[in-house]
Amino acid sequence: MVKIREAIVVEGRYDKNTLSQIVDASIFETGGFQIHKDKEMLSLLRAVAQRRGLIVFTDSDGAGFVIRNFLKGAIPSQQLKHAYIPDIYGKEKRKATPGKEGKLGVEGMTPEVILEALRRSGATFEDGTVTDKKEITKQDLMELGLSGGKDSSLLRKKLLQALNLPEHMSANAMLQALNLLYTKEELFELMKND
């Protein structure tokens with residue numbers, strides 16, 4: 001498994017599943033065209049792109065390019081990288097028939113094709129060296145009252161609103177987003193000021 005610094009955005013859960021078997025990175029789903037209406041997800045993607053960078057990894061069909069172009073217009077270009085898969089005709093194993101254009105999507109690509117697309121995008125491959133960044137843990141969330149307590153869900157909702165993140169995030173999803181966007185010290189400082 002290869003660790004990548006940037007977060008990756010894909011169209012759907014099958015794409016995410018395929019990538020998560022090949023790369024160690026934060027992977028977000030657009031839900032297909034749902035991203036056009038999901039202001040909270042777009043806000044999260046903007047925050048992640050600003051902090052870590054974002055790789056857009058959509059299918060090579062027309063729908064994939066509509067989603068890619070939407071994200072291009074919604075997120076500053078210096079925060080985006082684009083991974084493109086080749087046009088390979090066929091159908092994914094789980095499908096009975098090929099897609100509308102007859103091309104394989106991200107989920108149908110081999111690990112070699114996916115890694116090459118990420119290399120060409122300019123993805124930052126990390127060599128596994130340990131950094132001094134302390135990860136935010138579930139224990140930290142409990143200590144801050146954001147998990148496991150009487151008013152945890154209210155505190156989480158309040159924090160998510162203050163950080164302009166989707167309010168319906170679970171504690172686990174919030175933990176992932178917080179680790180992408182903040183250091184442990186920054187989170188404790190935020191909570192102290194609240």
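Which side chains meet in a salt bridge at 3.4 Å, N to O? Select Glu189 and Lys192: their side chains form that pair, a salt bridge being a side-chain nitrogen of Lys or Arg within 4 Å of a carboxyl oxygen of Asp or Glu. Both residues lie in helix H8, three residues apart, about one turn of the helix; helices here are DSSP runs (H or I, at least four residues), numbered from the N terminus.

Before moving on, note that this is a predicted model, where local features need pLDDT of at least 70, side-chain atom pairs count only at pLDDT 80 or more, and totals for chains, interfaces and linings use all residues. Residues are numbered from 1 along each chain as its sequence is written, and side-chain values use heavy atoms, with hydrogens and water left out.

Next, stay in H8 and select Glu186 together with Arg51. Their side chains meet in a salt bridge (2.5 Å, N to O). Arg51 belongs to helix H2, so this pair ties together parts that are 135 residues apart in sequence.

Now colour helix H2 (residues 39-52) and helix H7 (residues 171-181). They pack at an angle of about 35 degrees, with axes 9 Å apart; axes are lines fitted to C-alpha atoms over the stretch in contact, and angles run from 0 to 180 degrees between N-to-C directions.

Finally, select Asp87, Glu101 and Lys103, which are linked in a network of salt bridges. The structure holds eleven salt bridges.

How values were computed:
Helix = DSSP H or I, 4+ residues; strand = E, 2+ residues; numbered from the N terminus.
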